Amino acid sequence: MSWPPAPVNIRVQRDDFDIAVEIAALCRDRTDIGAVVTFSGLCRDEAGALSALELEHYPGMAEAEIERICQDAVERFGLQAATAIHRFGRMEPGANIVLVIAAAPHRQAAFDGANFIMDFLKTSAPFWKKEHRTDGSAGDWISAKDADDDARDRWARG
């Protein structure tokens, strides 16, 4: 029996999300799913130096890129469903920033799918982050790290 194409749920939003609600929505009426892996990224305080993180995005382009990344993961790992939610705006330490959920028949595909989505989301989706410091000094715009590029590039090697 062939299941319908995997649903991919993509959102870029200012509002917070509820991880349990998102997992329940992804799995609702699905008895073919054997594993669900989630990743949630939170705003850190950088050892007390950061009062907030401000995220900006390129509307339309960000959603299209996240959709492409998730569709690639679905095809590559045989995911049955994927959700990616990325927030924008000003977030204080402890706030949710990103959620990735990957569902598959078996755990390894779900783990790999979630890792793949996050590695590409971190490096390829058009988001920009600016730090707001607790001491009132001007924060920096954060650039991608070499380690993020290396994590993304490992998928090309197999």
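1. Let me start at H86, which sits in strand 4; helices (H or I, at least four residues) and strands (E, at least two) are DSSP runs, numbered from the N terminus. H86 counts as buried because its relative accessibility is 6%. The cut-offs here are under 20% relative accessible area for buried, over 50% for exposed and partly exposed in between, with a 1.4 Å probe and protein chains only. Setting aside neighbours within four places in sequence, H86 is in contact with R11, V12, Q13, L55, I66, I97, V98, L121 and F127, where contact means heavy atoms within 4.5 Å.

2. Some housekeeping before going on. This is a predicted model, in which local features need pLDDT of at least 70 and side-chain atom pairs count only at pLDDT 80 or more, while totals for chains, interfaces and linings use all residues. Residues are numbered from 1 along each chain as its sequence is written, and side-chain values use heavy atoms, with hydrogens and water left out.

3. On to the core. The largest nonpolar core has 38 residues, and I66, C70, F77, L79, I97, I117 and L121 have the most contacts inside it. By nonpolar core I mean a set of buried Ala, Val, Leu, Ile, Met, Phe, Trp, Tyr and Cys residues joined through side-chain atoms within 4.5 Å. At least two residues each come from strand 1 (8-13), strand 2 (35-42), strand 3 (50-57), helix 2 (61-77), strand 4 (81-87), strand 6 (96-104) and helix 3. Helix 3 gives the most, with 8 residues. Another core, of 8 residues, lies apart from this one; I33, A81, L99 and I101 are among its members.

4. Leaving out neighbours within four places in sequence, M118 is in contact with F39, V98 and V100. Its C-alpha is 8.8 Å from that of R152, 34 residues apart along the chain. A109 is in helix 3 too, and touches F77, L79 and A104, not counting residues up to four places away in sequence. A109 and A52 are 57 residues apart in sequence, with 35 Å between their C-alpha atoms.

5. How do helix 3 and helix 4 cross? The axes of helix 3 (residues 107-124) and helix 4 (residues 146-153) come within 9 Å and cross at roughly 135 degrees, so helix 3 is oblique to helix 4. Axes are lines fitted to C-alpha atoms, for helices over the stretch in contact, and angles run from 0 to 180 degrees between N-to-C directions. Under 35 degrees is roughly parallel, over 145 roughly antiparallel, 65 to 115 roughly perpendicular, and the rest oblique.

6. Who makes that contact? On helix 3 the residues are D119, F120, K122, T123 and S124, and on helix 4 they are D148, D149, A151 and R152. By class, they divide into 2 nonpolar, 2 polar and 5 charged.

7. Phi is near 50 degrees for E46, a positive value in a residue other than glycine. A47 also has a positive phi, near 60 degrees, and is not glycine either. E46 is partly exposed, with a relative accessible area of 37%, whereas A47, at 85% relative accessibility, counts as exposed.

Notes: Nonpolar A, V, L, I, M, F, W, Y, C, P; charged D, E, K, R; others polar.
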